[in-house]
Amino acid sequence: MTQNKSKAFKQRLLQVHSSVGITVSLLMYISIFFGIFTIFSPYIHVWEKPSRHFEIKHNEGIDYTSLLSPIINDPSFPNNNVIIKLPEFKSDPTLQITHRFVDAKVFNPNTEKELKDEGVNSQLSYFLNLMHQGQPIKFYGRIIYGFVAVAVMFLIIGGILLLLYSQFNNNANNQQSKFSTFHRKIFLWISIPLLIVTISGALMNIGYKGGGLLAYLLSNGEESNIYKLVKPVLSPNEEILKRLNIEAKMLPIGVLLNKARNVNPELIFEELILLNWKDITARIQIIGYNPTKPFLNGVYNRPKIILNAVDGSVLKNVKVLDRQWGVLLTDALYFLHLLFGVGILTKILVLITMIFSCFGIGFGVMLWLEKRAKKFDGKIVFYHWMGKLSLAIMIGVFLATAILFNLQWILPFDMNNRILVQESIFYLSWLATLPWSYFRINSYIAAKEFLFVSGILFIISSLLHCFVSGFTYFELYQKNMMSILWVDIGLVLLGCSLLFTAYILPKDRMGAKLFWNKK
């Protein structure tokens, strides 16, 4: 009796795992696919904008006073709470002077000349991040993707239970058994990092966007936005200092930065906030990131030094560990997803993990389809709606994304409705892969076509960038524009890998059997 119950439990667990897996697989694949691009979002943000194409120099002798004075004296520019974003903040090589109510003024720190920023006419990296979050359908997309992350956590735990309680044959000798083996092994290898990513992703999507009911209960019905309740803890506002309207001479910002370095030499300075500038009450907030304490700062916990701008005296020195434990925990969870402050090697390791995740999902979908295809083997061509939909979503997305990258350098930056046109073509091209998948009865041929064209277009997008921007790969390396060069190299490698996959992919089901049955 006990043995029968155990067998029934395993069967039910496998059925639930299969049903939940095929339900959320495509959405999870989309999130991971665009999440791969989001890993390199700071680099893509620089690559997509011509104004960021200049030689990178570690210049610490910037004359902030000459840059700031014309802006502060401009009556149309607010002169309080002025924000200065320093070069290399989030890999952006420019120096930006901005305010929450006006557009940023962007400067080349080498020449100290103002640049013509593309602004809202260039949002490639931002759009890829929105696709990763499900944001195109606003609130509902974030909630759906949040529950998909929860479902993936369930699948990981359920999959581990299946491995513990069930005997699987690892000596694969046909397509179905090989798909099953690859699916199990891949997700077993990456289960821990994937679980961490999905937990933090679920928190970011459901925790805030879906926390309305919790906020309503905690505030006794006064507030339904949970962020408004936690904001005083995560991002407390500094005390408002009344301006006395007594003009005073400010210490040069370079001198104030040197004083701040002596106060906390571990900080990498990222932003400056000028308060009551040119008044006797003037202060400067110097906000940074402490690389010696990763996981604990960079998102909500941002260490800072506040100096008196008149005499340079230290008014406040907020270190990483000075914040409450809840803030440290929140930053740790966000760090595991956002990878804030990590180097290129760490990003590549996470990239490899996410690529394996995509392969694991792909093998799971193919396993589900193969079980149904075997019923028609040798009788008729297998033609299933899920197979065609999976082909359009999982392979067709490469084609649409490749077109998106090409449009970044084809469409003029001063074109009206540029973003609307670019994103519309992306959606239409992705949608067009679905009828083409149905039109091509042989899904193997359709997949080869999608992969081949996508590979060519990704390579062309890199070459097109070099042609339009006027920088060759060697010049990018020579002028230390490594963020841009990494994107170009990545696009070429991606294109070559897709071309290779299109070449080795079998042309029909019989060829697929021979391909997967190779030892």
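**The cysteines and their setting**

In this predicted model, Cys358 counts as buried because its relative accessibility is 12%, and the limit for that term is under 20%. Cys466 is also classed as buried, since its relative accessibility is 13%.

Cys358 takes part in no disulfide, for the nearest cysteine sulfur, which belongs to Cys496, is 19 Å away. For Cys466, the closest cysteine sulfur is again that of Cys496. The separation there is 14 Å, which is too far for a bond.

We may now turn to the helix H12, which spans residues 344-373. A nonpolar patch lies on the surface, formed by Leu163, Phe168, Leu188, Trp189, Leu345, Ile348, Leu349, Ile352 and Phe356. Together these residues have about 860 Å² of accessible area. Helix H12 gives the patch its largest share, namely five residues. Helix H6 (175-189) likewise supplies at least two residues of the patch. One member, Ile348, is found in helix H12. Its relative accessible area is 31%, so Ile348 is partly exposed; that term covers values between the 20% limit for buried and the 50% limit for exposed. A residue must have over 30% relative accessible area to belong to a patch, and the 31% of Ile348 can be read against that limit.

A further buried position is found in another helix. Ser25 is located in helix H1, which covers residues 2-39. With a relative accessibility of 7%, Ser25 counts as buried. When its neighbours within four places in sequence are left aside, Ser25 is in contact with Ile361, Val365 and Met386.

The protein chain contains 18 helices and eight strands, and its C-alpha atoms fill a box of roughly 90 × 60 × 40 Å along the principal axes. Of its 519 residues, 47% are buried. Among contacts between residues at least 6 apart in sequence, 70% join residues at least 24 apart. The accessible surface of the chain comes to about 27,100 Å², and carbon and sulfur atoms account for 64% of this area.

Technical notes. Residues numbered from 1 in each chain as written. Predicted model: local features only at pLDDT ≥ 70, side-chain atom pairs only at ≥ 80, totals over all residues. Heavy atoms only, no water. Disulfide = S-S within 2.5 Å. Buried < 20%, exposed > 50% of the residue type's maximum accessible area, 1.4 Å probe, protein only. Patch = residues over 30% accessible without salt bridge, like charges linked within 9 Å, V, L, I, M, F, W, Y side chains within 5 Å. Areas by Shrake-Rupley, 256 points an atom, 1.4 Å probe, with all protein chains shown as cover. Salt bridge = Lys/Arg side-chain N within 4 Å of Asp/Glu carboxyl O. Helix = DSSP H or I, 4+ residues; strand = E, 2+ residues; numbered from the N terminus. Contact = heavy atoms within 4.5 Å.
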